Amino acid sequence: MEYFIQLFMSGTVKGSIYALIALGYAMVYGIIQLINFAHGEIYMIGAFTALIIGATMASAGVPTGLVLVVALISAMVWAAAYGVTLEKIAYKPLRNSPRLSALISAIGMSIFLQNYVLLAQTSNFVPYPNWVPQFAFLEDIKGILNSNQFFILLTTAVVMVLFTLMIRYTKMGKAMRATAQDKAMAQLVGINVNQVISVTFVLGSVTAALGGVLICSYMGQINYYIGFIAGIKAFVAAVLGGIGSIPGAVLGSFVLGWTESLGAGYLSSDYEDAFAFVILIIILLVRPSGLLGKKEIKKV
Amino acid sequence: MKPILDVKDMSMVFGGLRAVDKVNIHIDKGEIVALIGPNGAGKTTFFNCITGVYTPTEGEILISRSDNSGDQKKINGLKPNVINNMGLARTFQNIRLFSSMTVLENVMIGRHHALKSSILGSIFRVKSTREEEERLIHESYGILKKIGLEKFVNEQAQNLPYGAQRRLEIARAMATDPFLLLLDEPAAGMNPQETRELVDTINFIRDEENITILLIEHDMSLVMTLSERIYVVDYGQLIAEGAPEEIKANPDVIKAYLGE
Amino acid sequence: MHNIDWKKELKQSTLAALWFIFLTFPLMVMKVAIIQGQATITWRWYNVPVVAVTFFILSFVWRYMLERRNFTQKKESKDILGKLLAQPKYSRPAIIALAVFLLAFPFAFSMYQTNVMISVLIYIILGLGLNIVVGYGGLLHLGYAAFYAMGAYSYGLFFTYMGPKFIEWGINTGLMFWIAIPAAAILSLVFGFIVCLPVIRLRGDYLAIVTLAFGEITRMFLQNEGQITLGPSGVSQIPRPWLLGMKITPVFAAKYVYFIALVLVIISIKVVKNLEDSKIGRAWEAMRDDDIAAQSMGIDLTRAKLASFAVGALWAGFAGVLLAAKTTFINPESFTLWESIIILCVVVLGGMGSIPGVIVGSVLMIMLPEYFRSFAEYRMLIFGLALVLMMIFRQGGIIPRKRKQHTFEVEGEGAVK
Ligand SMILES: Nc1ncnc2c1ncn2[C@@H]1O[C@H](COP(=O)(O)OP(=O)(O)OP(=O)(O)O)[C@@H](O)[C@H]1O
Ligand SMILES: [Mg+2]
């Protein structure tokens with residue numbers, strides 16, 4: 001039983017990280033129907049930026065708590081900046097092109113950003129310092145839930161709540177929902193669609209960067225390639241849930257996290273990465289639009 | 001004689017919206033019938049249901065190709081390609097040509113069903129395939145000539161003037177050898193000259209090619225000159241049916257169009 | 001073009017330069033190394049002016065190019081080379097020169113060069129196959145490497161399990177290649193068919209991710225099921241084909257494989273060309289241009305998709321066997337997602353749906369990195385960028401697809417066009 005709980009918790013933590021990344025996929029897809037293949041790279045760039053800024057501060061003797069805060073903020077700021085720039089350069093000129101073109105552009109951007117970081121920094125794994133505070137009250141159940149995991153769960157919960165509130169109640173949230181439903185109509189009623197798209201990229205990038213810093217602190221290392229794998233997994237999660245649906249992305253992330261942990265724990269750890277893909281195929285066979293995806297009838 | 005198309009109590013519901021609501025329509029062989037109604041009345045949705053693009057929520061769609069009675073087939077829920085093979089062809093309101101292909105190729109696609117060659121035959125391009133291709137090219141060119149598009153034969157569909165694109169939609173649909181042709185706003189965006197030519201083309205298709213026609217159109221003068229019978233829908237429901245003169249005089253129709 | 005407002009342009013470029021200085025600052029200027037928990041930061045200030053000048057200029061170019069694109073859209077691009085080559089006066093000598101070059105190549109150049117050329121030929125076959133799925137069918141296939149692996153492993157494992165038997169029976173193992181070629185192609189085809197059967201109903205984007213998933217699962221299977229597939233270390237000492245029952249030296253075998261590959265490429269081009277203007281080829285392109293219209297014109301989308309996946313997979317089978325024969329060694333690492341993406345690049349950069357495009361794409365993708373070793377580390381960076389720019393400024397690729405033109409005799413008017 002304890003083994004199960006352990007696996008379940010680690011699955012939940014994984015799921016949280018996937019959820020933070022998957023939000024970006026879901027939002028962007030909801031608004032411009034594009035699989036932002038380069039989203040994983042934004043997550044990686046956020047984490048790398050935090051490492052660089054954080055390590056610089058730490059070596060200058062700044063206290064750890066402050067380092068964590070500044071590192072997180074810089075991760076979010078730069079991730080957002082990269083996200084918006086990415087959209088302006090690689091996607092905006094293709095808004096009226098066939099979907100396949102934008103998708104290939106996204107793949108190109110993903111390759112480009114990975115190699116940009118590889119060349120600008122290093123191809124090796126870099127150790128990632130752990131700036132997350134260690135909570136004393138978790139001392140007794142460390143085997144099941146350690147401070148890093150707790151911090152990840154807490155952050156994800158807070159982000160999800162803020163996010164839901166934002167989408168529900170703010171003006172921008174409403175504009176986003178309107179744009180997702182019908183871009184032309186939204187434009188007609190005076191919504192600045194370009195701005196909505198930019199904000200979407202900012203939000204997606206910010207949450208992904210948070211996820212990036214947290215998971216790297218937890219795993220203790222980073223390299224230019226982490227975004228690609230995590231990105232694909234989170235994307236699988238978003239598709240599982242029903243791409244374009246935000247609650248779907250979160251649900252899909254947890255389903256994926258649990259499947260991976262339990263599968264690796266009970267079945268075979270060699271295939272840990274394969275479980276994601278197997279469950280994806282199974283779910284899509286049963287529900288071709290994902291768990292919470294609406295079966296939309298395309299207007300003709 | 002059974003009608004060639006017999007739609008019984010058909011509805012199409014999107015979420016809470018009844019886009020088509022218990023509509024009954026029948027069409028006899030050789031007619032030109034118009035389906036009119038204000039914007040958003042559900043006309044295109046009706047076409048989509050008939051042609052298999054949507055599966056209607058309720059009701060029956062029956063077709064009968066030959067005129068000996070009793071031979072009706074239910075087609076609800078069949079795939080568009082199956083329905084097309086049974087002899088129903090359509091055009092699209094928002095032009096959906098194969099834009100990167102040439103005009104001729106667009107028509108050749110329409111003749112897809114008539115080709116017998118297998119993949120293996122195509123891979124090795126055996127004699128029968130070669131001959132079939134040769135025939136196909138000439139047949140397709142013949143159809144273009146009938147519709148008056150032969151001068152565009154090698155153009156890319158997307159580079160055609162708007163009016164010609166609409167006509168190409170008709171040519172492509174005709175190439176599928178239908179007995180019933182459904183035209184969704186064929187005159188939209190055409191100038192008066194083009195519209196006049198279109199009237200001739202539609203009459204030609206019915207008279208010379210023996211294809212029955214059901215058309216959606218907002219251009220009332222075209223509807224009145226062409227059609228023998230008119231159905232009027234509003235908010236998904238059938239509100240009137242009759243000859244052009246009756247429809248013109250029908251107070252319900254006037255109300256629907258003026259929108260009170 | 002209209003008057004240029006220099007003040008505005010300068011301002012925009014300056015802003016772009018500043019923005020990119022900010023954007024690239026942490027990653028380009030600072031470099032972090034952590035040794036035993038101790039961070040050392042290297043400051044590379046020289047990158048600031050580099051970034052500033054680069055983006056100041058690029059910003060101009062970018063805006064100019066976008067504007068030009070919007071102006072010239074839809075207009076046919078001038079294709080002087082294509083027009084020249086369309087005349088038999090020029091095309092015939094060109095074809096003869098090319099044929100001589102290709103025939104003489106393995107004798108005129110070293111074994112290394114020959115091997116590079118074999119790679120190019122293999123990628124042409126792969127590109128032609130994937131082009132059927134992506135270029136004609138418009139279905140984004142991100143797991144094509146799995147079929148490539150299928151081909152290579154068909155030959156590799158056939159040798160592993162049957163090689164000893166062949167020796168026992170006294171049949172030379174060089175024969176196995178000739179059995180593997182058709183067997184692998186058929187296996188890949190069947191594999192492509194079976195795999196796609198359940199997922200064919202999925203919409204475009206879902207299809208892309210499912211093919212990716214499927215490709216990765218295949219690779220993990222090859223890696224982890226060592227008892228069947230020999231695991232991560234792969235299959236080695238795969239025999240090269242023998243010539244007329246004689247074992248031949250590696251140098252000679254390279255030439256031999258080269259010619260086999262060349263013949264396969266020629267056959268592939270011919271077959272794909274045949275498919276291009278056939279019933280099924282047109283159905284694929286119609287499906288790509290507008291699936292709903294295609295279906296409404298009587299095309300069975302399920303069949304068309306299945307056919308494109310299966311026929312596409314067939315070429316990957318050929319290519320896989322050639323790869324195994326060329327390198328005599330295969331392992332799962334050769335069939336990662338990146339492999340799928342590189343093949344996709346061949347198709348997209350060359351020109352989707354364009355056979356000459358695939359050829360040029362393969363030559364560029366394989367030769368350039370081979371011969372510009374000093375650029376090797378920039379290779380992927382440049383590919384990535386090239387994909388983006390190609391999509392924005394030249395969607396048809398380097399050599400866009402040309403549509404077939406027809407002439408008709410019209411009474412009294414002579415030929416039309
Ligand atoms: N796939 C769909 N999903 C949801 N609603 C739809 C769909 N297709 C059509 N509708 C709705 O059904 C109603 C009828 O639309 P339809 O296109 O059939 O009208 P129409 O009579 O063809 O109008 P118009 O003359 O403008 O072409 C509209 O309110 C439309 O928004
Ligand atoms: Mg309509």
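**View 1. Chain C as a whole, with its contacts and its surface.** Of the contacts in chain C with a separation of 6 or more, 75% are between residues 24 or more positions apart, where contact means heavy atoms within 4.5 Å. This is a predicted model, in which local features need pLDDT of at least 70 and side-chain atom pairs count only at pLDDT 80 or more, while totals for chains, interfaces and linings use all residues. Residues are numbered from 1 along each chain as its sequence is written, chains are lettered from A and ligands numbered from 1 in the order in which they are written, and side-chain values use heavy atoms, with hydrogens and water left out. Chain C has 16 helices and 4 strands, which are DSSP runs numbered from the N terminus (helices are H or I with at least four residues, strands are E with at least two). Of its 417 residues, 53% are buried, a term for under 20% relative accessible area, with exposed meaning over 50% and partly exposed in between (1.4 Å probe, protein chains only).

**View 2. Helix α15 of chain C and its packing.** Helix α15(C), residues 355-371, has 17 residues and reaches 24 Å from its first C-alpha to its last, close to the 24 Å expected at 1.5 Å a residue; the expected span is 1.5 Å times one less than the number of residues. Its buried residues include C:Ile355, C:Val358, C:Ser362 and C:Met365, and the buried residues of the helix pack against α5 (111-136), α10 (250-276), α14 (337-350) and α16 (379-393) of chain C. An α-helix has 3.6 residues a turn, so residues three or four places apart point the same way. At the start of α15(C), a side-chain oxygen of C:Ser354 comes to within 2.9 Å of the backbone nitrogen of C:Gly357.

**View 3. A:Asn148 in helix α5 of chain A.** A:Asn148 belongs to helix α5 (residues 147-169) of chain A and is buried, with a relative accessible area of 5%. Its side chain makes a polar contact with the side chain of A:Asn130 at 2.8 Å, a polar contact being a pair of N or O atoms within 3.5 Å (within protein, one must be able to donate a hydrogen and the other to accept it, and residues adjacent in sequence count only if both atoms are side-chain atoms). Leaving aside neighbours within four places in sequence, A:Asn148 is in contact with residues including A:Val132, A:Gln134 and A:Tyr218.

**View 4. A:Ala79 in helix α3 of chain A.** A:Ala79, in helix α3 (residues 64-91) of chain A, is buried at 0% relative accessibility. A:Ala79 and A:Ile42 are 37 residues apart in sequence, yet 5.6 Å apart in space, C-alpha to C-alpha.
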